[in-house]
Amino acid sequence: MTSRIPRDSRLRLVRPRPLAAAPSAVNQRRPRRPAPRPPEGTPAPAELARMARSGLADAARVARWADGALGPGRDGTGSDGKGTLSDETAGRAAGDLGLTVAQVRAAWDTARLAGLIEVHGDSARPGWRLRAWNRDDSAVLRGWVALFDAWSLASPEPTDREPAAVAEVVSAMPQVLSFLQLSAGPVPVEQLLDLLEQRVTELRTERCEIPYGPQPEPVEEPETADAPLAPLLDWALRALASVGALTYGDGQATLTPLGSWAVWVKLEQICVAAQSPAGNIEVAAEEMLRGCAQLRPNAARAEYRAWLAARPVGSAVTELLGAARGDDALLRGLAFEALRVVGAPAEPDVRSVADEPTLRPYALLWLAEHDGIDPEDAHEVLTREEATWLWVDTAAAVADHGEAPMLVRHLESALQPTVPRLLDEVRAVGHPRTVQVLVALAAAHPDPALAKAVRRAAFQVHTGG
């Protein structure tokens, strides 16, 4: 379904049809309802953020070190092109930070999964969360939730177990975590194992299909069904403990305050509260765009006009493009919405950034619309690779600032006719947020088989496979 009304949502990032149907899914009006309250005893957000900063301290240190030592123009090699630190670079970081090489590598992987650092070929740069690390509790908590979502990537999978069995356990763990959250205290591992076995049995039953017509003789599958789940539960609990979601020992597991809060957030399918949109006219472009994110289209355009009227057009366009070059995909889309309000005076600057890979899809869409192409047809100026890159960038904005159902709906907007084809092309375009997007999509999607495929793709991208 398409809309003939341009800019019909609060967080419009790209245009409708078929790629740009994604933002309309992202930005559908949310029903008004009282904000759910976390369970009694949940620490305040500031205290949760302090816990997250403490748990991710080494990851933040390594990310800041990479920003200083591995950025463009610095003397140093970053990674092997797959996101893994080279031996030389890991040794340098260990010496500079007073950590072991193993600690540096672990912190590097954690920083990537939490969105504190992004790898671009042989160089690395800080993610937008790191820039806001000391001043924005919501950015810290979102980073920790991204790590929580990726718990199965934080520890190597057991090599002596069938991949299908591992995938079943990963798919069943949300129910185990929900039980831990509702229990609000230590739970014996034996009880968790019983619950896990029940849930895995349900997953296997749900996959059972009754075929029609003559069927060949059944072929024996690997001994997944009869394999004991205790070792896999042990792996899952240790992996969750490694990201700070729970404590595990003495035959029992207990959610940490952060883990309990994160499970509650997932159960309620809510986002971290956005900052108030009031008072945007006198602030910098980035803060103005964040404030406008929750406004309806007309109100946002009025805010853009007021903000633009308060400063020279040239400097305003430069500031908006600077915000678009950042690592927050939401701001990138909103910056070009503000540039649409600027209109013709912004054309030379927008045209000049059309060769920058990060801004190119947005700039091409802006220029196409400026040249009179129908907004619904503007996406046709993009190549397949550019459209796929934009799909991932939009998905990153949804994962960071939207709710789980929006991310699931965004999947339907992809140009590719099948999920395997989409995953192949998403991996090929090399967007720096690919792993986080795939992990978030796998965590959000209700179809276990599809979630498994997406999770496997995320693991392959993460490991360079």
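The lining of the second largest pocket divides into 32 nonpolar, 8 polar and 10 charged residues. Keep in mind as you explore that this is a predicted model.

Let's stay with that pocket for a moment. Its volume is about 1200 Å³. Of the 50 residues that line the second largest pocket, Asp149, Lys266, Ala440, Ala443 and Ala444 lie nearest its centre. Helix H9 provides the largest share of this lining, with 7 residues.

Helix H9 spans residues 163-183, and the loop that runs from H9 to strand E3 (187-188) holds Pro186. Is Pro186 buried or exposed? Pro186 counts as exposed because its relative accessible area is 51%, and exposed means over 50%. Pro186 still has partners from elsewhere in the chain: beyond four places in sequence, it touches Gln252, Ala253 and Thr254. The C-alpha atom of Pro186 is also 9.0 Å from that of Thr247, although 61 residues separate the two along the chain.

Now for the inside. The largest nonpolar core has 140 residues, and Met173, Leu289, Phe336 and Leu339 have the most contacts inside it. In soluble globular proteins, nonpolar side chains tend to be buried together.

How confident is the predictor? The protein chain averages a pLDDT of 80, and 81% of the residues score at least 70.

| Stretch | pLDDT | Contacts beyond four places in sequence |
|---|---|---|
| residues 73-77 | under 50 | 14 contacts |
| residues 269-278 | under 50 | 21 contacts |

Where pLDDT is low, the predicted coordinates should not be read in detail.

Notes. Residues are numbered from 1 along each chain as its sequence is written. Side-chain values use heavy atoms; hydrogens and water are left out. A nonpolar core is a set of buried Ala, Val, Leu, Ile, Met, Phe, Trp, Tyr and Cys residues joined through side-chain atoms within 4.5 Å. Buried means under 20% relative accessible area, exposed over 50%, partly exposed in between (1.4 Å probe, protein chains only). pLDDT is the predictor's confidence in each residue, from 0 to 100. Contact means heavy atoms within 4.5 Å. Helices (H or I, at least four residues) and strands (E, at least two) are DSSP runs, numbered from the N terminus. On a 1 Å grid over the protein atoms alone, a cavity is a set of points where a 1.4 Å probe fits but cannot get out, and a pocket is an open set with protein on both sides within 12 Å along at least five of seven lines; lining residues have an atom within 4 Å of a point. Grid points are joined across faces, edges and corners, and a volume is the space filled by probe spheres set on the points. Ala, Val, Leu, Ile, Met, Phe, Trp, Tyr, Cys and Pro count as nonpolar, Asp, Glu, Lys and Arg as charged, and the others, Gly among them, as polar.
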